[in-house]
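The sequence and model come first.

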Amino acid sequence: MATHETTVRWQDTDEALAVLPKLDGIDYLKKMANGEIPAAPIVSHFGMDLTVVEHGKVVFECTPNDSHHNPIGSVHGGVVCTLLDSALGCAAHTTLPAGVGYTSVEIKVNYMGAVRSDSGPLRCTGRVTKPGRRITFAEGEVVDKNGKLVASASGTLLVFPLDGA
């Protein structure tokens, strides 16, 4: 039986968290995408890259590998859900002023087809459908390397003041 190993490396996020209350969401995420501040550690675990940051929209790319497999040899739906949850949340963040954060309240994911290790890179787009001061609504989709839709999601995000802001 072959054994495989992966190493996950990420940067300490103290620097990013220190500037979080001072920057509006779009500027914060642009700095993250440009490597000016450390990304969230989850992106290292899943091999995600934030490639587009616009007002109300973000795009993540992710190349799945065998370590993401479920028991039947396809990429676990939780990987795709994590990708979608990240995109919906970050899209919401692009609409928020400094000192304001968000958290997912609800996410509904529809899976349209199997994702395999060779399906990537996956491209996940998240868009805000209705911004709000207390609740924001967003939607997103994941397409494979051929542009085939493999999953979509809609979500609700709670908007709140950050501690110390």
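## Contacts of L83

L83 touches M48, F60, C62, L122, C124 and V142, leaving out residues up to four places away in sequence; contact means heavy atoms within 4.5 Å. The model is predicted, so local features need pLDDT of at least 70 and side-chain atom pairs count only at pLDDT 80 or more, while totals for chains, interfaces and linings use all residues. Residues are numbered from 1 along each chain as its sequence is written, and side-chain values use heavy atoms, with hydrogens and water left out.

## Helix α4

Helix α4 covers residues 77–93, 17 residues in total. Helices (H or I, at least four residues) and strands (E, at least two) are DSSP runs, numbered from the N terminus. From first C-alpha to last, α4 reaches 24 Å, close to the 24 Å expected at 1.5 Å a residue; the expected span is 1.5 Å times one less than the number of residues.

Of the 17 residues of α4, 12 are buried, so the helix is largely enclosed by the rest of the structure. Buried means under 20% relative accessible area, exposed over 50%, and partly exposed in between, with a 1.4 Å probe and protein chains only. The buried residues of α4 include V79, V80, L83, L84 and the run from S86 to H93. An α-helix has 3.6 residues a turn, so residues three or four places apart point the same way.

## The sheet

Six strands form an open sheet in the order β1-β2-β4-β5-β6-β3, with antiparallel pairing. Two strands pair if DSSP finds at least two bridges between them. The edge strands, each pairing on one side only, are β1 (48–54) and β3 (100–111). From one strand to the next, the twist averages 20 degrees. Strands of a sheet pair through backbone hydrogen bonds, either parallel or antiparallel.

β1 and β2 are antiparallel and share six bridges; M48 has C62 of β2 as its bridge partner. The two strands form a hairpin with two residues between them, and G56 in the turn has a positive phi of about 80 degrees. β2 (residues 57–62) is also joined to β4 (residues 122–130) by six bridges, again antiparallel. Across this pairing, F60 is partnered with C124 and V58 stands opposite G126.

## Helix against sheet

α4 lies across β1, β2, β3, β4, β5 (135–143) and β6 (149–161), and runs at about 140 degrees to β3. Axes are lines fitted to C-alpha atoms, for helices over the stretch in contact, and angles run from 0 to 180 degrees between N-to-C directions.

T125 is found in β4 and is buried, with a relative accessible area of 11%. Setting aside neighbours within four places in sequence, T125 is in contact with K57, V58, V59, A87, E139, G140 and E141.

## Nonpolar core

A nonpolar core is a set of buried Ala, Val, Leu, Ile, Met, Phe, Trp, Tyr and Cys residues joined through side-chain atoms within 4.5 Å. The largest one has 38 residues, and those with the most contacts inside it are Y28, F60, L83, L84 and V142. Two or more residues each come from α2 (25–33), α3 (42–46), β1, β2, α4, β4, β5 and β6. α4 gives the largest share, nine residues.

F46 lies in α3 and is buried at a relative accessible area of 16%. F46 and L83 are 37 residues apart in sequence, yet 8.3 Å apart in space, C-alpha to C-alpha. Neighbours within four places aside, F46 is in contact with C62, H68, V79 and T82.

## Cysteines

How many disulfides are there? With a disulfide taken as a pair of cysteine sulfur atoms within 2.5 Å, the count is zero. C62 is in no disulfide, and the nearest cysteine sulfur, that of C124, is 9.2 Å away. For C124, the closest cysteine sulfur is in C62, too far for a bond. C62 counts as buried at 2% relative accessibility, and C124 counts as buried at 0%.
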